[in-house]
Structures are given as structure tokens and as C-alpha cells.
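Open the model in your viewer and keep the sequence panel beside it. At each stop of this tour you will be asked to select a few residues and then to look at what surrounds them.

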Amino acid sequence: MNQPTSITVQTIVQAPVSKVWDSFTLPEHITRWNQASDDWHSPHAVNDLRRGGQFSYRMEAKDGSMGFDFGGTYDHVRQHAEISYTMGDGRKASVQFTPQGDTTQVTETFEAESTNPIEMQRGGWQAILDHFKKYTEGI
């Protein structure tokens with residue numbers, strides 16, 4: 001069996017780690033930033049942020065033409081520092097929150113799926129993370 005390819009995306013958010021953490025984990029914030037482009041949105045998010053807890057985020061095209069649920073189960077949660085989870089399809093992912101003074105570096109690493117090209121997956125996850133940065137810095 002081949003080792004899955006890992007993809008990493010990151011950004012530096014101009015906000016302290018406590019604000020970044022809340023923006024990343026609270027459903028009322030997730031629904032505001034969780035999309036890769038402006039013609040998509042995330043109308044619903046549920047997040048039970050604890051080991052063994054589950055999450056589910058709905059992502060849809062604003063015109064209603066398509067949509068999907070993204071979800072999984074948390075494997076490890078260390079407040080203001082790290083989240084690791086297993087996606088619904090069995091792939092693993094982690095998010096690191098690294099305080100750097102009044103800014104926070106957010107680094108996501110995830111196992112690639114086999115349907116779409118690696119660069120497309122990286123681009124999509126980076127676009128979502130870029131939306132997260134823009135939203136969080138604006139609140």
C-alpha cells in the first residue's frame with residue numbers, strides 16, 4: 001500500500017492565537033469564512049471540538065447548483081495549539097496554531113485524495129485558508 005501524499009498550506013493571521021482559535025473553531029465564524037471562492041458559501045456548521053467529537057460543515061454553490069458535506073472526527077485537540085482529525089473518508093489532517101507575538105501562523109497538513117490533482121487540492125485548501133485569514137483579520 002502506498003503512503004498517502006501529504007499537502008501543507010499555511011498563512012499568518014494578524015491576530016492573537018485566542019482570536020484565531022475562536023474564528024477557526026466556532027460554528028458562527030466557520031460559516032462566514034469556509035469557502036474557496038466568493039460564489040460558494042457554508043450555510044451550516046456543527047463542531048464538537050473534543051477528542052472523539054465530530055464536525056460537519058456544509059459547503060454549497062450560492063446558485064444552488066452543487067454542494068457537499070465536509071466532516072470527520074477529532075483525534076486530538078490541544079487548545080490554542082493543535083487539532084488533528086480523521087475525515088469522513090478516512091484521510092488524516094492536522095492544524096497547528098503557532099503564536100508569533102500579535103500574529104498567529106496557521107499550518108494545515110492533510111492527506112491528499114486520489115480523484116483531483118495535488119495542485120488543485122492545495123489551491124482549494126489554500127483559498128479557504130486565505131478566506132479564513134481575511135475574515136479573521138476583519139472581525
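The tour below begins with the core and then visits a helix, some strands and several charged pairs.

Before selecting anything, note that this is a predicted model, in which local features need pLDDT of at least 70 and side-chain atom pairs count only at pLDDT 80 or more, while totals for chains, interfaces and linings use all residues. Residues are numbered from 1 along each chain as its sequence is written, and side-chain values use heavy atoms, with hydrogens and water left out.

**The core**

Select Ile83, Tyr85, Phe97, Val106 and Phe132, which have the most contacts inside the largest nonpolar core, a group of 32 residues. A nonpolar core is a set of buried Ala, Val, Leu, Ile, Met, Phe, Trp, Tyr and Cys residues joined through side-chain atoms within 4.5 Å, where buried means under 20% relative accessible area, exposed means over 50%, and partly exposed lies in between (1.4 Å probe, protein chains only).

**Helix 3**

Helix 3 has 21 residues and spans 30 Å from its first C-alpha to its last, close to the 30 Å expected at 1.5 Å a residue, the expected span being 1.5 Å times one less than the number of residues. Among the buried residues of this helix are Trp125, Leu129, Phe132 and Tyr135.

Because they are 3 residues apart in helix 3, Arg122 and Glu119 are separated by about one helical turn. Glu119 counts as exposed at 56% relative accessibility, whereas Arg122 is partly exposed at 28%.

Move to Ser42 in strand 2 (residues 40-47), which counts as buried because its relative accessibility is 2%. The side chain of Ser42 is joined to that of Asn34 by a polar contact of 3.4 Å, that is, a pair of N or O atoms within 3.5 Å, where within protein one must be able to donate a hydrogen and the other to accept it, and residues adjacent in sequence count only if both atoms are side-chain atoms.

Then select Gly72 in strand 4 (residues 67-78) together with Gly88: they are 16 residues apart along the chain, yet their C-alpha atoms are separated by 4.6 Å.

**Charged residues**

Asp75 and Lys92 meet in a salt bridge of 3.6 Å, N to O. This pair links distant parts of the chain, with Asp75 in strand 4 and Lys92 in strand 6 (residues 92-100), 17 residues apart.

Which side chain of opposite charge is nearest to Glu111? It is Arg91, 6.4 Å away, and Glu111 is buried yet has no salt bridge; here Lys and Arg count as positive and Asp and Glu as negative, while His and the chain ends are not counted. Finish by selecting Arg58, Glu60 and Asp69, which are linked in a network of salt bridges.

Note on methods:
A salt bridge is a side-chain nitrogen of Lys or Arg within 4 Å of a carboxyl oxygen of Asp or Glu. Helices (H or I, at least four residues) and strands (E, at least two) are DSSP runs, numbered from the N terminus.
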